[in-house]
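Hi everyone, thanks for coming.

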Amino acid sequence: MTTTMQNPLGTEPVGKLLRKFAIPSIIAMLVGSLYNMVDQLFIGNFVGPLGNGATNIQFPLSILNISIALLCGIGAASTFNLAMGRGETEKAGYYIGNAISLMLLGGFVLLIVTELFLEPILIGCGATENILPYAVEYSRICALGYPLFILSAGGAHIVRADGSPNMTMAINVTGAVINTVLDFLFVAVFHWGMKGAAVATIIGQYVAGFMVLFYLKKFKTVKLEKQHFIPDLAIIGSIAALGTAPFINQIAMMIVQIVMNHVMGHYGAQSIYGSDIPITCAGIISKVNGICFSFVIGISQGLQPIISFNYGAQNYKRVKSAFYLALKLAAIITFTSWACFQLFPRQIVSIFGTGDELYFQFCEKYFRIFLFGIFTAFFQPLASNFFTSIGKPYKGIFMSLTRQVLFLAPLIVFLPMIFGFNGVLFAGPIADALSFTICFILVRKEFSHPEFKEA
């Protein structure tokens, strides 16, 4: 009780707390999305559509990095805040130290595997004969940044859990600004092409990663000692349990992206668009949609310490209040994005370079059909993170699987068998509607439990 009264997570107004934690998280997520977005913008204008297609082929590898970062970062942040809410200060430091060790180890393993098997991996991700050379050049350099990329992306959650959301924002903004400036210099001025974009990216990631390491030396809530970084299976198990939901969500996104690349290439080759146009357009539009969901996921991540601490402190009224406020904000954001995607698809795509009329026709069609249901898609990431934050990871894992794995991936495969190429596009809004329905039912059931009804 003393810990609760002393910690602002248990006392400050929920709206103020959500602004404090969500705004830096949103900016951090936007900045993360801009890493690939900025590369795509410069590559599209100075290399061409095949270069943009290459970044789409490499994108599953980026998602895999983020999945490891979220497994360790959100898992550590959730276990850390729950422990602090329960007053278990001595144990809390082990969650942080073990997570940092896991992130660095995972990054080095992924770096080695990628460098050894790069071409087969990229072909497995859907690279066509025309796109493959660009993808190899770009991905081989990007792989050198994996350890620090994972550390910066996952460490940002740990920094925020320590009560420093502004530092989280600074870490991500610094990396993205460096990436953007160097993209302009290397690609637009020096004309280094794909190599220049990749080098700019890893330099930004290294700077952000070292900022996380520097922050750990002055961790505020607990003093981190060497023993905290020694792997402990029990601690790792606790981190993994609460980090599995966002991890699986990212893995699901990666699987869907790979399936989408193959389906787009296969059915595109049988259409007037060919195989390269659909792959390139789908990559651009998924990253634009990622900007929309940077806001939603940023709100969800900003919500995590508020939910975890107050649930651990048995302050269920504040848990409900914070969750409902986050839902309202996320709904407004996704509806606004939906309107922009329906009204201005050509204008949005034009930012990423030129193409022929078929290219723009397909992009407009993809925006308006595949993303038709995004105004309902805000609920699933918030619901999944809610259950993870209250220490119910299995429900969070299930919800993280609903849209991508249970619905979208099968629909992408089977609907084209019935409706042809348009079946791929129909899969998006159907998956969004089904996911929303299931997540709504499960959250409503959770709030019917006595502790929430009495709050």
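I'll go through helices, salt bridges, surface patches and a few backbone angles.

First, the ground rules. This is a predicted model, where local features need pLDDT of at least 70 and side-chain atom pairs count only at pLDDT 80 or more, while totals for chains, interfaces and linings use all residues. Residues are numbered from 1 along each chain as its sequence is written, and side-chain values use heavy atoms, with hydrogens and water left out.

When I say helix, I mean a DSSP run of H or I with at least four residues, numbered from the N terminus. Buried means under 20% relative accessible area, exposed means over 50%, and partly exposed is in between, using a 1.4 Å probe and protein chains only.

Okay, let's start with helix H15, residues 379-389. How many of the residues of H15 are buried? It's 11 of the 11, so H15 is largely enclosed by the rest of the structure. Among those buried residues you'll find Phe-379, Pro-381, Leu-382, Asn-385, Phe-386 and Phe-387. Just after H15, Gly-391 takes a positive phi of about 80 degrees.

Keep phi in mind, please. Most residues other than glycine have a negative phi. Now look at His-191, which isn't glycine and has a positive phi near 55 degrees. Where is His-191 found? His-191 sits in the loop between helix H8 (165-189) and helix H9 (193-216). With a relative accessible area of 56%, His-191 is exposed. Gln-314 is another non-glycine residue with a positive phi, near 65 degrees. You'll find Gln-314 in the loop between helix H11 (276-312) and helix H12 (316-343). Gln-314 counts as exposed, at 58% relative accessibility.

Next up, salt bridges. For us, that's a side-chain nitrogen of Lys or Arg within 4 Å of a carboxyl oxygen of Asp or Glu. By that rule the count comes to 6 salt bridges, and I'll show you some of them.

Take Arg-140 and Glu-115: their closest N and O atoms are 3.2 Å apart. This pair links distant parts of the chain, since Arg-140 is in helix H6 (residues 132-142) and Glu-115 is in helix H4 (residues 89-116), 25 residues apart. Arg-140 is partly exposed at 35% relative accessible area, and Glu-115 is partly exposed too, at 24%.

Then there's Glu-364 with Arg-346, where the closest N and O atoms are 2.8 Å apart. Again the pair links distant parts of the chain: Glu-364 is in helix H14 (residues 357-370) and Arg-346 in helix H13 (residues 345-350), 18 residues apart.

One more: Arg-403 and Asp-432, with closest N and O atoms 2.4 Å apart. Arg-403 is buried, and so is Asp-432.

A patch is made of residues with over 30% relative accessible area and no salt bridge, joining like charges within 9 Å and nonpolar side chains (Val, Leu, Ile, Met, Phe, Trp, Tyr) within 5 Å. Accessible areas come from the Shrake-Rupley method with a 1.4 Å probe, and for residues only the protein chains shown count as cover. The nonpolar patch has about 760 Å² of accessible area together, and its members include Val-413, Phe-414, Phe-426 and Leu-434. H16 and H17 each supply at least two residues. Which helix gives the most to the nonpolar patch? That's H16, with 5 residues. Met-417 lies in H16, and Met-417 counts as exposed at 57% relative accessibility.

Ser-62 lies in helix H3 (residues 49-85), and Ser-62 is buried, at 6% relative accessible area. Its side chain makes a 3.1 Å polar contact with the side chain of Gln-58. A polar contact is a pair of N or O atoms within 3.5 Å; within protein, one must be able to donate a hydrogen and the other to accept it, and residues adjacent in sequence count only if both atoms are side-chain atoms.
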